[in-house]
Amino acid sequence: MSTPSKDEVLAQTRQWLEQAVIGLNLCPFAKTAYIKNQVRMVVSDAKHLDGFLDTLDAELVYLRDTPASEVETTLLVHPGLFADFLIFNDFLNVVDGVLEEHALVGEIQVVPFHPEFLFGGEAPEDMSHFTNRSPYPMLHLLREDSLTEAIDAFGDTEAIPERNKAALRELGLAGWQALTASKSL
């Protein structure tokens, strides 16, 4: 199977963000940053893990050094390197080490997304997994200060994960497929 072009990956990622994340209100903080054009989307075409780590390094430095008023958050997408979710999941330990190397623990948080994302403790067919399913493997690089501000403004954020799980279970697989079928996700 061939890897899609960067333009195709960006278009599908944008549609997923608009239709699923913002459209279903899975993240109540996403819409504001997106409307303000403060969501950076980067597609890596690295052929090997070392190349992807170089891209991750560059994006972490870019986010650290760029004011939040210009770039609030980054979606770092790799369409071809992490087809296997378990390998991607294991790679998150390396990502934690990269944050430590850059002294960004407590400043930037990384949230994983993957087409086959699975939460531990949930049945494999449970719709809750779709809260972190995206068209391609993705690392969401998120400023912790901005997250804290959003949480303070939003209020009861502890209910968000359970609300999302309930909404996706109610939507069901057929509803998800209908939402994404015409959108090429």
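**A parallel strand pair and a salt-bridge network**

Methionine 41 stands opposite leucine 75 of strand E2. In this predicted model, five bridges join strand E1 to strand E2 (residues 73-77), and the two run parallel. Four of the five residues of E1 (residues 39-43) are buried, so this strand is largely enclosed by the rest of the structure. Together with helix H3 (residues 49-65), E1 and E2 make a right-handed β-α-β unit.

This unit belongs to a chain with six helices and four strands. Read from the N terminus, the order of elements is α-α-β-α-β-α-β-β-α-α. The radius of gyration is 16 Å, close to the 16 Å that the globule rule gives for 185 residues, so the chain is as compact as a globular protein of that length. Along the principal axes, the C-alpha atoms fill a box of roughly 45 × 40 × 30 Å.

Buried residues account for 44% of the 185 residues in the chain. The accessible surface comes to about 9900 Å², and carbon and sulfur atoms contribute 52% of it. Of the contacts between residues at least 6 apart in sequence, 74% join residues at least 24 apart.

Side chains of opposite charge can pair when their charged atoms come close. The model contains seven salt bridges. One of them joins lysine 165 to glutamate 122, with an N to O distance of 3.3 Å. This pair links distant parts of the chain, 43 residues apart: lysine 165 is in helix H6 (residues 160-181), while glutamate 122 is in the loop between strand E3 (108-113) and strand E4 (138-143). Lysine 165 has a relative accessible area of 16% and is therefore buried, the cut-off being under 20%. Glutamate 122, at 23%, is partly exposed.

Glutamate 122 also forms a salt bridge with arginine 169, in which the closest N and O atoms are 3.1 Å apart. Because glutamate 122 lies in the loop between E3 and E4 and arginine 169 in helix H6, the pair ties together parts that are 47 residues apart in sequence. Arginine 169 is partly exposed, with 38% relative accessibility.

A further salt bridge connects glutamate 162 with lysine 165, the closest N and O atoms being 3.6 Å apart. Both residues lie in helix H6, three residues apart, which is about one turn of the helix. Glutamate 162 counts as partly exposed at 49% relative accessibility. Through shared partners, salt bridges join Glu122, Asp126, Glu162, Lys165 and Arg169 into one network.

Notes:
Residues are numbered from 1 along each chain as its sequence is written. This is a predicted model: local features need pLDDT of at least 70, side-chain atom pairs count only at pLDDT 80 or more; totals for chains, interfaces and linings use all residues. Side-chain values use heavy atoms; hydrogens and water are left out. Buried means under 20% relative accessible area, exposed over 50%, partly exposed in between (1.4 Å probe, protein chains only). Two strands pair if DSSP finds at least two bridges between them. A crossover is right-handed if, with the strands pointing away from the viewer, the path from the first strand over the helix to the second runs clockwise. The radius of gyration is taken over C-alpha atoms; the globule rule is 2.2 Å times the number of residues to the power 0.38. Contact means heavy atoms within 4.5 Å. Accessible areas come from the Shrake-Rupley method with a 1.4 Å probe; for residues, only the protein chains shown count as cover. A salt bridge is a side-chain nitrogen of Lys or Arg within 4 Å of a carboxyl oxygen of Asp or Glu.
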